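Hi,

Here is the structure I promised to pass on. Have a look at it, and then read my notes below.

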Amino acid sequence: MPDVKMKDIAKAAGVSIVTVSNALAGKKGVSDELRSRIEQTAKEMGYNFMKAEKKEEPFVVGVISSEKYITVGVSFYWAMYQNVAYEVSKKQGVTMLEVLSMEREEQMELPKLINEKMIDGLIIIGWMSKEYVKKLVEVCKIPIVLLDFQMRDIRCDSIMSNNYIGMYKMTRYLIEKGHKDIAFVGSIFGNENIMDRYYGYRKGLAEAGILERKEWILEDRELDSGVMKIELPENMPSAFVCNSDWAAGTLYNILIERGYRIPQDVSIVGYDNYLYGNSFSEQLTTYNVDMKEMAYQAVKRLIGKIHGDDKYWGTRYVDSYIVEKSSVKEL
């Protein structure tokens, strides 16, 4: 008789490998009815029950992200995924990535990782529509953790950078360097992260008694396509606080083309501490997003849920620090 593995039982029972492992090991998180069905399936297939006591089979973590965020080797979310994969591997797990096209998301098409029951838990990196996330939570029946975004009214744990406080720190940094004419670069309605960073900027201005100027709130992208596009204001500020290093790099290129010098003529700060392929990264003062800690927290939450922790923890905000370089002139 061939050696029956947990993955064989999982396939026959229509459940995940970890569910089979938990059921056969008597762990919590599995209903009595489901446990009985799995045990019966295992018996009928001739499974050696001593294996459940000796060794748990590895779990599989699925990761999905939108194609508009993932560019292999050069994007912030690709770097985030690498951190997730590393944290999963440290726990003896396996990671599988699926990049979703915008069309598939709009058509509410489930990821293949879900349809083919290939994973025990799911991490979603980067914002997706509320309707799509809601469908995933309702249909998947496996633990899900959101990374770098959250969804109100959806009972799903999330891990986020402390966007509001982070951008407040960057704005205060500019003010402490003597700047009062400070523009914000970011499409506020692009996603919740950018909006939170905008309000951190406003808090920094308000505390210093500086009035916000609407002409200095600059869009950085087309909302539909995500294509970066920044138009300089007629009256230039002394400094720009950018919602991301990507926006800061785009702004830098535009300013250099127009003959501005950084930081002699204009100062720039960013947010992320990740600017791939742009020499400005060596000069840009920015707020560090602690990707390693965020990935660690996301994987920790997910593994806990895979092994039966059904508590709703809500949103965990990960704070960090300013990386000071040479893109700001002290006035």
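Predicted model: local features only at pLDDT ≥ 70, side-chain atom pairs only at ≥ 80, totals over all residues.

**What I found**

Let's start with helix α1: Lys11 and Ala12 are exposed (over 50% relative accessible area, with buried being under 20% and partly exposed in between, using a 1.4 Å probe and protein chains only), and they sit on the face of α1 turned away from its buried side. The buried residues of α1 (residues 6-13) are Met6, Ile9, Ala10 and Ala13. Seen down the axis of α1, these fall within an arc of 100 degrees, so they line one face of the helix; the arc is that of the directions from the helix axis to the C-beta atoms. After α1 comes glycine 14, with a positive phi near 70 degrees.

Residues are numbered from 1 along each chain as its sequence is written, and side-chain values use heavy atoms, leaving out hydrogens and water. Helices (H or I, at least four residues) and strands (E, at least two) are DSSP runs, numbered from the N terminus.

Now the sheet. Six strands make an open sheet with parallel pairing, in the order β2-β1-β3-β4-β5-β11; two strands pair if DSSP finds at least two bridges between them. At the edges are β2 (94-100) and β11 (315-318), each pairing on one side only. Strands β4 (residues 144-147) and β5 (residues 157-161) run parallel and are joined by three bridges. Valine 145 has aspartate 157 in β5 as its bridge partner.

Cheers
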